[in-house]
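Take a walk through the fold below.

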Amino acid sequence: MTGRPDDGGRVPDELALVLAQATVGAIGAVGGYAGGVYLRSGTGGLLRLAVIAGLPGPLFRPWWRMHANRPFPVADAHRSGQAVHLADPEEAMRRYPQLMAGLPYPFGSLYAPVAAASERYGVLMVLRAATPGAVVSGADRRRLSEAADGLAGRLAALAADGSPVVWEDEPVGVTLPAPAAAPLRTGRFRWDLDTGEVTGDPGPDAAGLDPASLSGDAAALTADWCPEDRYGLWALARELTEPGGPPARRLTLSHTGGRRLVLDLTPLPAPSPRTPTAPPAPEPPPAGGPSDASRAPAGTNPAGPAPDGTTPAGRKPGDATPSGQPPAGPPREDTTPAGATPGGTEPGDTAPDATARAGDTPGAAPPSGSAPAGQAAAGPAAAGPAAAGTRRAGPAPGGPAPAGDTAGGPTAHGGTGAGGTGAGGTAAGGTAAEGTAAGDTAAGGTAAGGSGPGGGRARLVAGLVLDLGADPLTAQAADHLPQAVLALDRLGRVTYVNSGVHALLGQGHSRPELVGRVLWEVLPWLGHPAYEDYFRAALMGSDPVRFLARRSPHDWLSVALHPGPHGVTVTLDAERRPAYATGSPVPPGPGPDPGVTPADRTTALYRPVALAIALTEAVTARQVSAVVTEELLPAFGGRQLAIYLLNERHLYLAWETGFPQGFLDRFDGVSLEARIPGVETLTTGRPIFFESMQHLAAAYPGIALDAHTGARAFLPLIASGRPVGSCILGFDQPRGFSAEERTVLTALAGLIAQALERAQRYDSEAALARGLQDALLPHRLPVLAHVETHGRYLPGTAGMEVGGDWYDVIETGAGTLALVIGDVQGHGVPAAATMGQLRSAVRAFALIGNAPDEVVSGTNRLLIDLDPGQFASCCYVLLDPETGAARAVRAGHPQPLLRHADGRTVVLDLPGGVVLGVDGDAVYPVTELSLEPGDVLALYTDGLVEQAGTDIDVGVERVRSALAGAAPAGLTELADRLVRAAGEAGGRPDDIALLLAARWDTDGRRAP
């Protein structure tokens, strides 16, 4: 797999931007996960993929070019000018089997032609999840059509400005927008631990914070937090404000409503000096000590809230103290540079007019019996008034009060503390004003946390909150897994790498080296063509994909791909080297696998029998190949299958599954002279088995291999002594082939050969009939004002699938429009040839101006002259688009249906004559009709209404009800609705033709 093209960072040109914008808009409009635009090129009939969104471009290189005559929906939409809507893989397989052969994944797809006036620019496509059993809704069809029309208009404007609207380069990859999510919110606040006051930004971006909490206290701030988070917040805040504390700490919080908050806390410098008034001592706690609901954690300031959201003694911030005085006010705005003390002192200096205590040493323990530095001893003051700056919180039970608090018990007011100051506190000799709060400067002293040997910090912190919403913590969760985990976006770029990737892959595989780059560029061993099909399956399907990958000759990894709507999660696990040693084939197990149940062994025996039975019912070569895939591969545990058919001494690839896309192309058309196992098994008539890829490489040096591990079986397809082709079976793991398995596989190869020989004869005749049918049916219908037409043809699903049904729309030259539908008896080449003659006859009679009855009568006589034993039915309607007047003739054909603008639908009662080709003198009466604006006329063949064992009137009523119940929409959706039930019927023997005509109002607009 090659890497993505590098555009050198250039600004995209206008054409690329227009295509990219239209693609992204269309994908979003119809709920897709990927899409693109095919644009015409300078080579006639060749479309090129110009834009691909939601999928890695290099992974889909085989589909970069599309010829307009190929049997793919892109080419069909461009060639016919009609949108193609494929709701599920079953419908896609029925209509476009070659598409599903190359992309056998469960997806739905929509294709809309991009055309303006007579200019056909290309096709807009969208891929989305399959919707089995449900048609593509009319709303989605309309949205895609509107997107295609809008793109066509912009391309026409570019062309009018002289810009060439062609594409010759590689496709441009486009990243799809992420799903809408709530924006990340942030909030900031300041918290004074001493006063408990919280201030901050009350704006709408305050993440996870009630604006009211930013003008209150910590209780209001943490009201919606879990209790554990409140205690964690207090612990971190106190750690930050202690001497030698960290510069910042982070806490992940859980908020009510499932949201997560990330909180960063940093300490702030001390505020400017001031002389506050001291509050009186609080009331002593009740007997037995304070309860958990009324006290802060041990050592915290009672003026601040406890972690459980309450304030001491039930007081709220700002309430008066018991003595009637208010608590200390909030700190002033601090303009002191970080690391400096108020008043200009440097850390470690003594304040002016203050003298350090003799014998004090920074960091030294306090004297015996005294409290830690910055605290007063427990109990009443022994030597006069309390030290300046002390607080009145009670101590933790059983121990001294934490730093910055006084021990429990009342203290006297005023005076100089004895032994109550220390490192980080007020310098000895400085007399503190009564009640000075921590962080304030005593008279003649230095502010706490500003100077002193300990370099203490202010009890003031700043908080930054990030609200992450309720999304999972992917990075944290995935880092706990033992596997290596990577996340990819839909373009294959790495968006996340867990720690296990580096542990497994080693040097050069860290997050910074991988994130943002394409997986196959940073891990080139995963870009091997053998693994491309696995990644395509993950990006286009919904089921997990697992495979073994070889990183080096002796390093194997188990790879699992888990798809999601916006990308793929990749897990890597170390894997033992496959159980194979060079030179020693892996034998089959010596006995029954103990893990295999009797039911499993019965199933294994049943599979070959089921294959033989199913082969007798397969008609086409494709059906034979599908039977082999469904029955033979599971019976022997195989994953890959390829069937080559012989034609003029060359082998041509007829079917493949499981091989990397495009790998087998190099062997397509190989001569019987080539020395490769697929040829030699046919020329020698002997099967060839390789128990390992190493054996295969040794037997055929230089042969291209699609995988490094596995086993292969090459089987000759010979029917009654005539070579038909060869069959290749592939296995993911090395394995042996027992004598019984070799015998069964060889015998089954003979059955497959006989079925394929029979199918080739059928396919040859069917191909000729299909060619005639395709050549004779109209590829485009006329586009006229006031009338819209839409035709649909479905071949039969059983027997000779191509019949003689046809439809046509003819501009007669007299301002009228002829609507024709017919059905020739029989199937195959004779029916298709007769159909072509009748269609030409009807067209000739109509163009010379004959009346409807004359057209049908002349065609009847012609058919009798051409083939007296052949007959056909026909319905001919001549419509005036301006007035809606119509004249209809019916020759043994089912009655048309007419849906009125109000939804009322009736079966018309047209008197008719006998079928064509029976009576040369037959008369065909004419019936006058009128189509009002909004009316829809439906002409159809009997294949739409006939079912084995059911009266045809029941089928007509079913179609009438479907037409009546259809919501107002385009004719394309209406045709899908009418033919879907019949198209899904298994074993339907007859083909179907359907022609719809709708009349518009006089302004050329579709009537409601």
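Two strands pair if DSSP finds at least two bridges between them. Helices (H or I, at least four residues) and strands (E, at least two) are DSSP runs, numbered from the N terminus. This is a predicted model, in which local features need pLDDT of at least 70, side-chain atom pairs count only at pLDDT 80 or more, and totals for chains, interfaces and linings use all residues. Residues are numbered from 1 along each chain as its sequence is written, and side-chain values use heavy atoms, with hydrogens and water left out.

Start with confidence. pLDDT is the predictor's confidence in each residue, from 0 to 100. The protein has a mean pLDDT of 73, and 67% of its residues reach 70 or more. Confidence is highest in strand β1 (residues 34-40), at a mean of 96, and lowest in helix α13 (residues 598-617), at 55. Over residues 2-6 the pLDDT is below 50. That stretch has twelve contacts in the model beyond near neighbours in sequence, where contact means heavy atoms within 4.5 Å. Residues 275-457 also have pLDDT below 50, with 281 contacts beyond near neighbours in sequence. Where pLDDT is low, the predicted coordinates should not be read in detail.

Next, a sheet. Five strands form an open sheet in the order β14-β13-β17-β16-β15, with antiparallel pairing. β14 (494-497) and β15 (545-552) stand at the edges. Each has a single partner strand, so one side of each is left without a neighbour in the sheet. From one strand to the next, the twist averages 25°. Angles here run from 0 to 180 degrees between N-to-C directions, and axes are lines fitted to C-alpha atoms, for helices over the stretch in contact.

Now look at β13 within that sheet. Strand β13 (residues 484-489) and strand β17 (residues 567-575) run antiparallel, joined by six bridges. A484 has L572 in β17 as its bridge partner, and L486 stands opposite V570 in β17. Toward β14, β13 pairs in the antiparallel sense over three bridges. There, L488 stands opposite V494. The hairpin of β13 and β14 has four residues between the strands, and G492 takes a positive phi near 85° in it. How many of the six residues of β13 are buried? Six are, with buried meaning under 20% relative accessible area, exposed over 50%, and partly exposed in between (1.4 Å probe, protein chains only). A484, L486 and L488 cover one face of β13, while V485, A487 and D489 lie on the other.

Helix α12 (residues 529-540) lies across β15, β16 (555-564) and β17. Relative to β15, α12 runs at about 145°. R536 lies in α12. Is R536 buried or exposed? R536 is buried, with a relative accessible area of 0%. Leaving aside neighbours within four places in sequence, R536 is in contact with L59, F60, W63, L103, Y105, P660 and Q661.

Eight of the eight residues of strand β27 (residues 872-879) are buried, so β27 is largely enclosed by the rest of the structure. One side of β27 carries A872, C874, Y876 and L878; the other carries S873, C875, V877 and L879. Six bridges join β27 to strand β28 (residues 885-891), and the two run antiparallel. L879 stands opposite A886 in β28. Five residues separate the strands of this hairpin, where G884 takes a positive phi near 85°.

Then a helix pair. Two packed helices are described by the angle between their axes and the distance between the axes. The axes of helix α1 (residues 14-29) and helix α5 (residues 138-160) come within 9 Å and cross at roughly 170°. That makes α1 roughly antiparallel to α5; angles under 35 degrees count as roughly parallel, over 145 as roughly antiparallel, 65 to 115 as roughly perpendicular and the rest as oblique. Among the residues that meet are L15, V18 and L19 in α1, and L144, A147 and L151 in α5.

Finish at L645 in strand β18 (residues 640-647). L645 is buried, with a relative accessible area of 12%. L645 and G725 are 80 residues apart in sequence, yet 4.2 Å apart in space, C-alpha to C-alpha. Not counting residues up to four places away in sequence, L645 touches several others, including Y652, V724, G725 and L756.
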